[in-house]
Amino acid sequence: SIDRWLRVRQGQEFGLADLQRALVKLATAIWPVLSAEYKDNPSELIAAGRGLTAGIDEAIFELSEVYHRESLLKTQEYLVEVEQANLELRQRTIRDELTGLYTRGYFQERLGEEVARSHRYGRPFSLFMIDFDHFEQINDRFGHLVGDEVLASLARLMVGNIRAADLVARYGGEDFATILPA
């Protein structure tokens with residue numbers, strides 16, 4: 001009965017405090033009925049009053065437990081959403097939107113890591129900087145949309161010809177950088 005009542009009230013967006021007030025109002029409405037029923041027997045009236053109070057306390061406790069469980073579930077759902085949003089945001093900050101390659105900032109971060117790894121383990125690595133000369137002429141002659149497609153094609157070509165451990169990044173306009181660990 002409390003669960004059904006709670007579901008109805010939750011659908012109406014009642015808060016726990018609203019539900020508690022409603023139970024107190026219910027008890028206030030029931031008290032005159034109890035008083036009339038047990039007017040000749042004060043000890044039974046007191047017992048009924050205690051029972052009513054205990055029932056209300058139990059209902060409020062049950063409601064608070066339900067709200068607590070619900071808030072924990074909502075918090076967990078929210079944390080999953082936040083984690084997913086953070087992952088998406090991280091991908092947007094480390095990936096170039098046009099080419100899908102890593103960004104210059106991520107490249108510099110990884111380059112620092114690779115230099116430290118090289119010093120620590122005494123292992124060499126290669127670094128290639130690639131600049132496509134006269135690229136502006138493609139944009140001037142065929143337009144920026146074609147130029148964008150050329151850059152995306154170059155990116156796919158580079159990614160298709162490196163190892164999993166290698167990294168290719170768009171360093172700037174038509175400049176690319178590649179880290180090739182040994």
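Which residue in E3 is the bridge partner of Gly-172? You will find the reply in the second legend below.

A note before you look: this is a predicted model, in which local features need pLDDT of at least 70 and side-chain atom pairs count only at pLDDT 80 or more, while totals for chains, interfaces and linings use all residues. Residues are numbered from 1 along each chain as its sequence is written, and side-chain values use heavy atoms, with hydrogens and water left out.

**View 1. Three strands form an open sheet in the order E1-E3-E2.** The pairing in this sheet is antiparallel. Strands (E, at least two residues) and helices (H or I, at least four) are DSSP runs, numbered from the N terminus, and two strands pair if DSSP finds at least two bridges between them. Strand E1 (125-131) and E2 stand at the edges with a single partner strand each, so one side of each has no neighbour in the sheet. On average, neighbouring strands are turned by 20° against each other, direction ignored. For such angles, axes are lines fitted to C-alpha atoms, for helices over the stretch in contact, and the angles run from 0 to 180 degrees between N-to-C directions.

**View 2. Here we follow the bridges of E3.** Gly-172 has Asp-175 in E3 as its bridge partner, which settles our opening question. Five bridges join E2 to E3, and a hairpin of two residues links these strands. E1 pairs with strand E3 (residues 175-181) over seven bridges, again in the antiparallel sense. Leu-127, for its part, has Ile-179 in E3 as its bridge partner. H4 packs on the sheet and touches E1, E2 and E3 (contact means heavy atoms within 4.5 Å). The direction of H4 makes about 130° with that of E2.

**View 3. The structure holds three aromatic pairs, and two are shown here.** Rings of Phe, Tyr and Trp (its six-membered ring) pair if their centres lie within 6.5 Å; planes under 30 degrees apart count as stacked, over 60 as edge-to-face and the rest as tilted. Tyr-102 and Tyr-106 are stacked, 4.5 Å centre to centre with 25° between the planes. Phe-107 and Tyr-171 are edge-to-face, at 5.8 Å and 90°. Phe-107 lies in helix H4 (residues 104-121) and Tyr-171 in strand E2 (residues 167-172), so this pair ties together parts 64 residues apart in sequence. Phe-107 is buried, at 2% relative accessible area, whereas Tyr-171 is partly exposed at 21%. Buried means under 20%, exposed over 50%, and partly exposed in between (1.4 Å probe, protein chains only).

**View 4. Arginines lie over two tyrosine rings.** A charge sits over a ring if NZ of Lys or CZ of Arg is within 6 Å of the ring centre and within 35 degrees of the ring normal. Arg-95 lies over the face of Tyr-102, 3.9 Å from the ring centre. Arg-104 lies over the face of Tyr-171, at 4.0 Å.

**View 5. The largest nonpolar core has 10 residues, including Leu-23, Leu-45 and Ile-56.** A nonpolar core is a set of buried Ala, Val, Leu, Ile, Met, Phe, Trp, Tyr and Cys residues joined through side-chain atoms within 4.5 Å. Helix H2 (16-37) and helix H3 (42-94) each give two or more residues to this core, and the largest share, seven residues, comes from H3. A second, separate core of eight residues includes Tyr-102, Tyr-106, Phe-107 and Ala-169.
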